[in-house]
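Please read them with the structure open beside you.

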Amino acid sequence: MTDFISLPFYDLLHENGHIPEVREKLPPLLAGVRRSILEIGAGSGLITTSLADWTPAEIFALEPSDGMRGMLLSRLCTRPELLQRVTVLPCDALNVDLDEPVEAIVMINVMYALEPDYRKRLWPVLAAQLEPGGLLVFTWRDGGAPSPHPLQASGSRQVGRHTYTVLSEILESSEEACEARYLYRITEDDTVISEEEIVGPAYRPVWKTIEGELVGAGFVQVDAPDGFLAWRLA
């Protein structure tokens, strides 16, 4: 799996990126969840702490990246009332094995990183972690992979005298996958202080593919707002 995240940029760009929409649309989907939630790809915890605010559930925040887990744990330290309610799991998603099934599983902006064979193996694993009728919800954009485009800025934030900018381009593209390049740049005025480049594959499966995989794993689709898909374990 490719991770296109540069750690210093993560909260700077995501807090004002997709996070506000998630915080608006996700809570109604979790109405009634009281006991437990598994979050796949918790990242730095931007949504983890929100899940704890929206529900009284115990939260299992799975994040395989050492750097992201460090940020997540630091965030939890600023919320000491959550330290007894959030468990941070360091394992890969295919190896998750909880003591008892959870009521809901949440994945935010994880799909793009899941290689097709990995994704197909993941659904049965997640089904085994859900109670009957449990909810699986994840962010979703239909239409397949984006078309190739040249390097262009996709976000920027000012921190003191420094500007943090992320630029991206799509090098190659097929129906459900693309080769992407991200450039994370820190500048002061016109001087480049540092740059970090990440190149790798990203995946955006089409609806027919996702539907077939999830139905085959025992899920039934339920209503969800634009930008999300929601499924119940049959």
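1. A word on burial to begin with: a residue is called buried under 20% relative accessible area, exposed over 50% and partly exposed in between, using a 1.4 Å probe and protein chains only. By that scale Tyr182 is partly exposed, because its relative accessibility is 25%. Please bear in mind that this is a predicted model, in which local features need pLDDT of at least 70 and side-chain atom pairs count only at pLDDT 80 or more, while totals for chains, interfaces and linings use all residues. Residues are numbered from 1 along each chain as its sequence is written, and side-chain values use heavy atoms, with hydrogens and water left out.

2. The overall picture comes next. The protein chain has six helices and 11 strands; helices (H or I, at least four residues) and strands (E, at least two) are DSSP runs, numbered from the N terminus. Its C-alpha atoms fill a box of roughly 55 × 45 × 30 Å along the principal axes.

3. Among contacts (heavy atoms within 4.5 Å) with a separation of 6 or more, 64% come from residues 24 or more positions apart.

4. How many aromatic pairs does a search of the whole structure find? The search gives seven, where rings of Phe, Tyr and Trp (its six-membered ring) pair if their centres lie within 6.5 Å; planes under 30 degrees apart count as stacked, over 60 as edge-to-face and the rest as tilted. In one of these pairs, the rings of Phe4 and Tyr182 have centres 4.9 Å apart and planes at 40 degrees, so the pair is tilted. Phe4 sits in the segment before helix H1 (10-14) and Tyr182 in strand S8 (residues 177-188), so this pair ties together parts that are 178 residues apart in sequence.

5. Tyr182 also pairs with Tyr184: the ring centres are 6.5 Å apart and the planes are at 20 degrees, so this pair is stacked. Phe4 is buried, at 4% relative accessible area, and Tyr184 is buried as well, at 7%. Ring pairs link Phe4, Phe9, Tyr112, Tyr164, Tyr182 and Tyr184 into a cluster.

6. Beyond its neighbours within four places in sequence, Ile5 is in contact with Tyr10, His14, Met68, Tyr112, Tyr184 and Ile198.

7. S7 and S8 are antiparallel over 10 bridges and form a hairpin with three residues between them. Val166 has Tyr184 in S8 as its bridge partner. S8 and strand S9 (residues 191-203) also run antiparallel, joined by 12 bridges. Tyr182 stands opposite Ile198 in S9, and the bridge partner of Glu188 is Thr191.

8. Asp189 is exposed, with a relative accessible area of 69%. Asn109 also has a positive phi of about 55 degrees without being a glycine; its place is in the loop between strand S4 (102-107) and helix H5 (116-129). At 35% relative accessibility, Asn109 is partly exposed.

9. Finally, Thr163 lies in strand S7 (residues 162-173). Not counting residues up to four places away in sequence, Thr163 touches Ser156, Arg157, Gln158, Arg185, Ile186 and Thr187.

Note on methods
Two strands pair if DSSP finds at least two bridges between them.
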